[in-house]
Amino acid sequence: MELGNARFLSKLFTPLTLCLVLLILLSSPSSTEAYDSLDPNGNITIKWDVMQWTPDGYVAVVTMFNFQQYRHIQAPGWQLGWTWAKKEVIWSMVGAQTTEQGDCSKFKGNIPHCCKRDPTIVDLLPGTPYNMQIANCCKAGVISSFNQDPANAASSFQVSVGLAGTTNKTVKVPKNFTLKAPGPGYTCGAAKIVKPTKFVTQDGRRTTQALMTWNVTCTYSQFLAQKTPSCCVSLSSFYNDTIVNCPTCSCGCQNNNTNPGSCVEGDSPYLQSALNGPGKYSYTPLVQCTSHMCPIRVHWHVKLNYKDYWRVKITITNFNYRMNYTQWNMVVQHPNFDNLTTLFSFNYKSLTPYGADINDTAMLWGVKFYNDLLMQAGPYGNVQSELLFRKDSNTFTFDKGWAFPRRIYFNGDNCVMPPPDAYPWLPNAAHPSIRPLLLPIMFLWIVLPFFTL
């Protein structure tokens with residue numbers, strides 16, 4: 001029997017079979033690749049346009065286009081890095097700068113802007129002198145999402161590269177691109193040479209083109225960005241007094257023994273000293289002590305029921321004392337968004353990741369100069385809106401948690417939802433956790449008379 005099994009295995013694992021298995025493993029996507037079902041084509045594309053040759057290199061305009069529908073880059077902004085293919089240096093930059101100059105001791109007289117083999121680039125701040133600016137620069141690295149503000153969904157800078165090639169044949173594209181926005185989360189592919197970009201003059205009568213162009217595509221993964229979530233969801237309704245809070249320890253747990261100073265009570269006399277203590281100028285969250293420990297909580301309240309309509313109130317609360325969320329946005333999935341009638345004090349855009357036939361995903365964000373800035377934790381650290389939906393007689397119900405959202409994202413990150421069996425239930429329906437307890441009682445109530453006869 002053992003000999004027969006050995007012969008069977010030897011036939012099974014032939015060289016051809018092993019080659020096929022190896023090919024499948026190598027061609028399968030790695031765990032670091034990102035895919036967003038709500039924005040399957042979303043990415044950040046970095047385009048290099050070589051605009052002119054210099055005696056020892058070239059001048060290029062680098063532009064980052066944010067083609068993500070709802071995920072933007074917030075403060076403290078993007079950081080772009082790469083590794084030079086040869087021994088290139090950066091002579092000068094306009095609209096951005098490197099974080100370090102590196103060792104330029106071998107140069108006499110004219111000192112390069114950066115001599116590092118792996119430079120890191122950051123955007124300049126607003127208010128930079130005009131002679132140091134270029135179009136789409138100097139926004140402190142903040143880039144809007146494509147849906148929210150397409151006019152500000154790009155960032156550019158100009159770089160003069162030396163000790164490089166001076167023709168299309170001798171120039172070597174950089175490699176090992178990295179993008180932090182502001183932390184990890186993005187994975188960038190290799191640079192690919194594409195057709196040169198064409199530029200049309202303002203009068204539309206002449207077209208010029210870059211001398212050489214290459215693109216780099218970066219995609220986002222929340223798993224790579226952070227190990228813990230950054231937001232959670234709580235629920236309530238007019239037909240039930242129960243308020244379903246965020247799940248305990250959604251974004252971490254209070255533990256002053258192993259992680260002291262990770263949170264602070266809102267009424268603590270030491271609040272100001274905690275804000276001015278270590279990490280004052282960092283973006284590490286300092287959150288209010290709560291059971292969920294999340295910087296952001298989204299509360300969904302089923303407020304009113306009409307004959308043909310129903311109303312929901314949404315409240316976003318900031319528990320982070322170190323962060324004002326500029327140009328925040330939220331994505332909500334609910335089947336009744338195909339009949340959204342009125343939206344108060346928020347902007348709205350429908351997302352259709354599954355095709356035009358399914359309209360159950362909405363992107364919401366604040367009105368400019370009104371509530372597009374979510375202030376830090378405190379009395380003003382919240383924004384609110386109400387949504388009015390038209391009922392569909394074929395699908396509408398308050399039963400089994402149908403009125404609550406399926407998923408919620410804040411600033412592109414998936415928020416922790418309460419478990420479905422904890423949702424507020426209708427008064428005339430027993431809670432799922434109670435029904436199993438009633439079964440033995442009902443059984444005894446039915447069979448007990450037979451034993452007493």
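Is Trp310 buried or exposed, and what is its relative accessible area? This predicted model gives a clear reply, and a short tour follows.

Trp310 has a relative accessible area of 0%; anything under 20% counts as buried, so Trp310 is buried. Its ring forms a tilted aromatic pair with Phe396, with 5.8 Å from centre to centre and 50 degrees between the planes. This pair brings together distant parts of the chain, 86 residues apart: Trp310 belongs to strand S19 (residues 309-318), while Phe396 lies in the loop between strand S26 (382-390) and strand S27 (407-410).

Both residues also belong to one aromatic cluster, whose other members are Phe238, Tyr239, Phe337, Tyr348, Phe389, Phe398 and Trp402.

## Another aromatic pair

The model holds 28 aromatic pairs. Among them is the stacked pair of Trp48 and Trp214, at 5.3 Å centre to centre and with 25 degrees between the planes. Here, too, distant parts of the chain are linked: Trp48 sits in strand S1 (residues 44-54) and Trp214 in strand S13 (residues 212-220), 166 residues apart. Both Trp48 and Trp214 are buried.

## A five-stranded sheet

Now look for an open sheet of five strands, which pair antiparallel in the order S23-S24-S21-S27-S28. At its edges are strand S23 (346-351) and strand S28 (413-414), each pairing on one side only.

Further in, strand S21 (residues 329-333) and strand S24 (residues 361-366) run antiparallel and are joined by five bridges. One example to find in the structure is Val332, whose bridge partner in S24 is Ala362.

Technical notes. Residues numbered from 1 in each chain as written. Predicted model: local features only at pLDDT ≥ 70, side-chain atom pairs only at ≥ 80, totals over all residues. Heavy atoms only, no water. Pairing = 2+ DSSP bridges. Helix = DSSP H or I, 4+ residues; strand = E, 2+ residues; numbered from the N terminus. Phe/Tyr/Trp six-rings, centres within 6.5 Å; stacked < 30°, edge-to-face > 60°. Buried < 20%, exposed > 50% of the residue type's maximum accessible area, 1.4 Å probe, protein only.
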